[in-house]
Every structure is written in structure tokens, then in C-alpha cells.
Amino acid sequence: MTTLESFLSELEAVATTAALRELRSKYLGKKGVLTEQLKTLPSLDPHHRAVFGASINETKKYIEERLKEHEKQLTSKEIKAKLSKEKIDITLPGYYKKPGGRHPVTIILAEITDIFVSMGFSIEEGPEVESDYYNFEALNIPQNHPARDMQDTFYIDSNVGSNRSGDDAFVLRTHTSPVQIRVMKNSSPPLRFIAPGKVYRCDSDISHSPMFHQIEGLVVDKDISFANLKGLLEGFLRKVFGPDVPVRLRPSFFPFTEPSAEVDMGCYFCKGSGCRVCKGTGWIEIMGAGMVDPRVFNNVGYDTNQYSGFAFGMGIERIASLKYGIDDIRLYYEGDLRFLRQF
Amino acid sequence: MLISYNWLKDYIDFDNSAGEIAEILTMSGLEVESFNRQDNGDVIMELNVTPNRADCLSVIGVARDVAAILKKTLKLPETGDFGNATDTGFKVEIIDAALCHRYCGIVISGVKVTPSPEWMRDRLEHSGIRPINNIVDITNYVLLEFGQPLHAFDLSRLKGNKIIVKAADRPQMIATLDGIERTVAAGTLLICDADGPVALAGVMGGKDSAVTETTTDILLESAWFSPASIRVTSKLTGLRSESSFRFERTTDIDGVKNAALRAASLMAAHSGGLISEVIDNYPNRYAARPIAMSCENVQKLLGVKIPEGQIVDILSRLGFTVERLPQNLLITPPSFRRDIELEADLIEEIARIYGYNNIPAVMPQLSLAINNVSDKHKKLAELRHSLRYAGFTETINYSFTSKDDLTLLNIPEGDQRRAAVTVKNPLQKDYNILRTFLLPSLLKNLKHNIAVGAKEVNIYEIGTVFFDTGDEFPKERLKLAVLSYSGKGKRLYNEPASQFYSMKGLLETISSVNYELRQSNEAFLDDGQSADICIGGGNEKVGFLGQVSAEIAARLDMIVDRPEIAVLEMFIEHEETKPMFKTSIITKYPPIERDIAIVVDDSCQSCDIINLIKDKRLDPGRLVEFVEIFDLYKGKNIPDGKKSLAYHIVYRSKERTLLESEVDALHAEIVNHVIGKTGGALRA
């Protein structure tokens, strides 16, 4: 058997990289077979020496190539074996913090804000504890007027604000409308803004909460008409509730708008055929609106001959309840994770 | 207000179904809130009459609107003419004419008090009024029909043959119809006889002068009282009646006598009484106020052109007098529409009869405006986003709380959080102040969630807090509060850090401000695991973070043993603005890294060692680029009361490649410095 033949048969039996290393040193090591053969060369005559030397080198080169090739195969086989031993259960959960829930009021507020900001409305704010003047008087809701019965009011104890100069009563604002007065008093027309925030009413049951959220909107400019109010609110409601939702305005009363309107949209649940939510009417009251009453413009010093405007206001919980089918307003304020984590 | 479909038909001839009438009413401003078919084929509708539409608190008032829309004639009931009634000598004297503009009294003699006819009792009952006897029922029937409240006195019980209308000059006693003795405040408008009060004007009659089964002669009262005066009486006495409800919304002063005559004629017909005298004392006459209106302004405000002829037609049908002037129209509202004062009020009348549905919807044409969302709102959105992905769920709680919550958390007297704003009329006792901090609300949320079985509660709230500073308006500030609770229980992966460090890490994640933490002495936090969050070099405290103390946790009365609750609360105004900044140069020279491990006293704080390492006096060339703690060890091989801290230091120059030898020299100097200052030793 030639050297090469015996190498090849031994190579076939090699199964590990360690055995391969041994085989390499047996043939190519310092005392390896081929090294020993090369050592015999000097004793040969020049003619044989050349032929034999070339043959040994060729064999050596060939063996080296085969060893390399075999090593590659073995290594990859061994890595595979190692990996398969360490195989993990990929169905175990990933390590991360599950995102928390968003509050539905925040979601709806953000959604509505985005729509109005896209139309160039700014966002304004006002205090939650308001004076009687801003919450009522300036909005044409005088003392001892039945319109005051429209909102059950929380009053602030008169001991609060001991350095107070006037005898104006203070209340927890019953609506976001006082922001209208604050903004108009501080800036000149034209203007357009929304005012989101918390409001308070002295009332509590399954559909009334002593605290809830509203968004107020106001547009004042030259040539603003009731038709514009209709156009804007229709566009807005269709953006929130879908492009086909029917919208209607019907006459109503707010002391700070004239004409005033209640805005209804087609019942979200029965699509107008009549159900419990819409009390069989097919319509759901969704917001109040109207043209700014000239008495309000007079209170803030706007020229009613030059400017007109409209205002609108809506309850956020009401919109959220309709969108998500929430039938108990108290769920918004209990902080129950079983509810909140759904959002 | 309840209104009967069949009753409406008394005044208008129409074929429209009850459903159609309901639609007409709703779409013209009288919203039908409920619709109930009766056994007798009638339909009772509940109307939501807005405070401005006092004229619609009657069947005829509602019929007038329906007739105007259907373009029908309104048929008013016969009232009778009693011109030749005799002088009975009864007198009506109005002393406070500012509060009582008109008082009409009709003397009816020889009545027989019996039950009223069935049709009348039916109509009253369907309108929510309990039938009593023919006399009282007729006053109520006419109240429903015309909206004019009436009152019948037993004439024999009125002393001195006279009525005096005057405001009480001192607190006075009166026994009202409901059998209650009441003391009314000075200024309350009273109906008196020669001896004293016999009725609370506009609110309720007196018990002593009430009509009974033995009454034979009556005085029928029909008057116009000042709305504000009646509202005050009603509020002060807590008495609300069908009468006061209408008076405080204002009644039709020109209809006062007509309604009285209508009632008198019904009484003559149903009780056998004789109309003896009609007294009409009207000292404060109603002056109609004409309003100028231009059709151009109607078009401008509504955004639709309505022809002048149609405008005139609508207003006329609603009872307005229209005069055409060269430039515009002069409109005089009827006496029952005192709510109409301005052109805009008239335009609403035109619009609601024209139909809101007939006005087009047109997007407003406005100039472009750059109204960027403010930094505050952007930051709030970012905060909510970060907190959400850190695993926290947003809650919103009522702004109300109680002093008990402050006491529960050991908030000392004199603390800013004690300067709470008190609500005068709270819904319940534990909601009587406004929140000065949010933590009590989150603890309630925690309690609720544990009670319903939650094992982990990670929540936050962003909300307004209120402080009474003595100024006119309370100080309102925005706060963030975070709560993290993790119940005992097995978990697949363990949290690598303690609650305190998780909460501190959260602060570092969500915040764009460099806060300094100082030892906190908040009485509700664990002494050893709490910190105040400060800004301005540690001078201004803006919040706290830490572990709720075991004492407080025990007080929360939760079903778990010693719950570990980490909390954070802080004002967030200073988070709102992000300063502009410029990037720093990324250096191309390589770093050289060294570690230091040192055993120090337990009381030694990590940041002190970092400050020593960064001491500029040792390192004038600022070669220490970065220092980071990578190990904290206590236990085996470390003496009691000591701990081992290990730091990783990166040395780098921005100008050149550092030599190993110079870093070794500097590092040795730093190590000596740290050991010298802390009294520590290198860890073996």
C-alpha cells in the first residue's frame, strides 16, 4: 500500500477534529511519514532524488488539501451538533415590559386635537377653578337666571383666597367655555383654537360623573356663518366616526351662542333604525354649538359689525363611550387595569 | 314638560301623525325626549323646553310653534266677557310694583266645590298634575293651557276684603299649602291680606286661605311677578312648583287677564259660580322693544339667502309685528317672547322655522395659520408614550380628595400640601378638598386593583393640583405620579434591579432635566429608600421617589402582606422646554481603559467616589472621559459594615493618542486620591 493509499483509508475513519489533528501530525508532523521520507533524499543519487522529491512534495500538497477539506466538514458538523444540543424553546415569552394601557380619554383627546391642529387651530387652556365672571357672567349667564340650572355647580369655599379683593364667587368650571373669554380678552380676531380640559358638575350616576373632559372650539373671523359651523362639524364628525355618518343640527339654547344648535349624529350602534342607546330615535346627541352671541363679543370688546364666529363643545367621555361601547362612566375613573389595559 | 298630542289638536287643525309632530317639534327646538302612546289613542310627549322658551311651557305656546311651521291658524279658546260684573268692594293694592308688574283678581261667588269633569282630570293626570277639585283643577288646567300660573283663595278667609302685594320688610312666618310653617327672608315677595301673608307670591299659596270643600266664594289671582324675585324665593325656601318654574322663566304679562278670564269662565261652567268682579291692577306696563333687522345680516350670519317675503312670513306667524322700513325691517316681538332682544335672536327664530336642515354645510374659508402644538403638549405626549412603553398604564382620577388622605400619609401641618382648596358643596364628605398631590389617588387605584386580583400594578397619572396661596385664584400646577407594585409570586425572568432603582431609572428615562436626588424626609416613604427630586443645584424640591413605608402600607388595609410599593411624584413644568444644544466632536484618538475596585464604609456613596475620580485638580488635561460603576458587592471576604465598589474608567484625549505610561501615572494618582479621601482600601 502506498503512503497515499494508507492516508486516505485512515482519513476516512477520522470523525473528530482531534483525530484529524493526530492524523495530520502522523503524516506531516516533525516525525511524520512524509517528513521521514524527505529525510532519505540526500542519500539518493541526483537523478532519483529529483523524481522522488517531486513525488513526495506532490503527495504532501495533496494530503494537506484533503486535511483542510476534511477539517472544514468536521468543524461545521461539530458546530451543528453543539448548537442542536443547546437548542432553546423559542415559544417562551420574550423579556420585555409589556406596554401599559392608554387612557381612553387621552386617546380621544389626542385624536380630536390632531384633527383641529391639522386645520390650523391652536390649543388653549384655562384654570379649572374659575371665577363666577368667566364661568357664567361673561358668557351671558347672569345671576338668578334659570340658565344657571342647566349646570349643577361646585362652589369653592369663600375662605379660599384670603387676599381676594372682589366678592366674586369661585367655582369648579362647569364647562371649558370660560377659555373662550380668556383667549378673546387677550388676543384680537381673527382666531381659531380648541380648549381641552377637565370640567366639573355636581352630579353622579351611571351616565354622569362629577368630573369629566370637554373640548371647546372657537372660530372668529370676518364672514363666519352658521353654514360654516355646519360644514366644519360635519367634516369633523365624519373624520372621527366614519365618512358616511349622518349629522344633523337642531335648534337649542346656550346663553353664549345665538343661534344655538344641538348636534346629533346617526346612531353608531343601530345605524339609525332605533335602539336602546339612541332611545329609538336613530340619533345621538354628540355636541352643542352655535354662533357666538353678540352679548359675549360685547363682553370681550370685539366689534360685532366686523366679526362673527362660532363655538362648539363636546364631552370626551361621551365620544369615547360611543366609540368603545362603554356604558358606565365610572369605569373611566376607577383605574381598573382590566379596563384600561384594553386600550 | 309633558304634552298631549290630542290636546294640541284643540288649537290647530292638522292631519299629521304624532310621530310627525314629534319630529317637527324636535327639529324646531323643542326636543321630544320621550314618546308614549296611551290606551285612549293619545300620545304623551316629554318636551325638553330650554330656559329661553318660557312661552312653550304651555300647550298653546307649543301649538303656536307647530302652527307656524305647518302654516296653520291658531284657534284660541273662548274666554268670555264679564264686563257688567258688579263692584264688590274688594281691593288689590300693589306696593312693590317693581316686583309685581300686574295683578288681576276675579271675585267669583257661589261656587260648589266638587270633583272636576273626567276629561279635565285626564288631561291633568297625563300632564303630571294630581287632580284635587274643580276650582284647583281649573287653575292648573289654565296654567297648562296658557302657561299663566293662577291661584284661588277662599275669599272668606281673606281679612279686610283686600290683597296687598309687597316684599317682606323683615323675616316672616307663613304656613304654606303643603302644611309646612316657613320663615321667609326679608325681601321675599308676599301676597298679604289686612292681617298678614296669605301666599308666597308665585311659589305657593297659604294653608289658611286655601280652597276647601266648604268654600263658596273665591278670589282668583293671575299676576306677573319679577322672575329673579321668584327664583330667589324658590331657592331660599327650597320650594319648586309648576308656578315658580314658569314665573322664574317669565310669563306673558299681556296674557295675565286673558288667562284669568278663561279660568273664570271654566269655573262658571263647572262650579256654578258667578263672576262678581274683575280687578286688573297693572301699574308697570309692558313696553315692547322693536328691533331693527336687515335681510343682508340674516344671510351673512346663516350663510344662506332667505327671501325677504319668507322672513316676514316666518316672523309674522310666530306673532312678531313686522314693519318694512326703507333700509331694513323693524320687528316687534310679542309680549310672550321677552327672550328676543337682539337681531341675532330674531335670526335664530328665522333659522329654526326655516329649518337648520335647509342650511347648507360649507367649510369656512380661513387664511393659513401656523399654530404649532406647544412644547408642553409635545412633552406630555412624549411622557405618556415613554411611560406606556416602560409598562405603565395611565389612570385619571377625580380632582377631589379629603383631609383624611393627607392625614393617612402623615402629611404634617404647615406642609404645602395642607394648603388645599375646599369645595363648599361636595358630592360626598371624602371629596371636600381639591388634590394637592396625586399619590393618594394612585394608592386607591392600587387598592382597587389588588382587590380585584391584580398581581402587578404599574400605573401613572398626569393631573392638575390646586393650592390656596391666598391669591384670588388658587395656584394650579401639573404633576406626574407613578406607582409600581409587584406582588410576591414566581416569574420566569427576574427583575434585575430593586424597586427604588427601577423608579430612579424610570425618572432618568422619561426626563430631559438633570435632577439631583437628595435624602428625603417624606413621612410616608421608607427612610432608607427614598429621595427628593431636586433642581437648581439641589435647592428646589420638585418631587420625591422611593418606597412607601411599611407603616403606611399597613394602613392601606390591603389583603397582601407588607406590599412593596415604589412611587414617584413630581411637578413637570420644568420638563416642558428643551434647550437647544450643539453636538460635541467625536474624537478619533483611541481610549485607554482602567478599572478600580475599592472597599469602603457602607455609608460611602457611589457619587462621592465618582466625583473623586473626576476631580479636575488631579486631571487638568481632562483625560477622564467617562466613569461608570459596574459592581457593588457585600458579603463573603468583605468585612461587616463595608462594601466593595468597582468602577470602569475610560481615558482619552481629544488631541492626541495617549501613552500607556501617562495613563498609568494618572490612574495611580486617582486611585491614591480615592483611597485617601474615603479611607478605603483596594480590593484584594
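In this predicted model, helix α15(B) gives the most to the lining of the second largest pocket, contributing six residues. That pocket has a volume of about 1,500 Å³, and of the 47 residues that line it, those closest to its centre are E456(B), N458(B), S486(B), R491(B) and E495(B). At least two lining residues come from each of several elements, namely α11 (337-340) of chain A and, from chain B, α14 (439-451), β21 (456-467), β22 (475-486) and α15 (499-510). By residue class, the lining of the second largest pocket divides into 18 nonpolar, 16 polar and 13 charged residues.

A helix pair in chain A can be described next. Two packed helices are described by the angle between their axes and the distance between the axes. For helix α5 (residues 104-118) and helix α8 (residues 226-241), both of chain A, the axes come within 11 Å and cross at roughly 135 degrees. Angles over 145 degrees count as roughly antiparallel and those from 65 to 115 as roughly perpendicular, and α5(A) and α8(A) are therefore oblique to each other. The crossing of these two helices, α5(A) and α8(A), is right-handed. On the side of α5(A) the contact is made by E111(A), I112(A), I115(A) and F116(A), while α8(A) brings L232(A), F236(A), K239(A) and V240(A). The residues of this contact between α5(A) and α8(A) comprise six nonpolar, no polar and two charged.

The residue classes of the two regions are set out below.

How values were computed. Residues are numbered from 1 along each chain as its sequence is written. Chains are lettered from A and ligands numbered from 1 in the order in which they are written. This is a predicted model: local features need pLDDT of at least 70, side-chain atom pairs count only at pLDDT 80 or more; totals for chains, interfaces and linings use all residues. Side-chain values use heavy atoms; hydrogens and water are left out. Axes are lines fitted to C-alpha atoms, for helices over the stretch in contact, and angles run from 0 to 180 degrees between N-to-C directions. Helices (H or I, at least four residues) and strands (E, at least two) are DSSP runs, numbered from the N terminus. Angles under 35 degrees count as roughly parallel, over 145 as roughly antiparallel, 65 to 115 as roughly perpendicular and the rest as oblique. A crossing is left-handed if the near helix is turned anticlockwise from the far one by less than a right angle, and right-handed if clockwise. Contact means heavy atoms within 4.5 Å. Ala, Val, Leu, Ile, Met, Phe, Trp, Tyr, Cys and Pro count as nonpolar, Asp, Glu, Lys and Arg as charged, and the others, Gly among them, as polar. On a 1 Å grid over the protein atoms alone, a cavity is a set of points where a 1.4 Å probe fits but cannot get out, and a pocket is an open set with protein on both sides within 12 Å along at least five of seven lines; lining residues have an atom within 4 Å of a point. Grid points are joined across faces, edges and corners, and a volume is the space filled by probe spheres set on the points.
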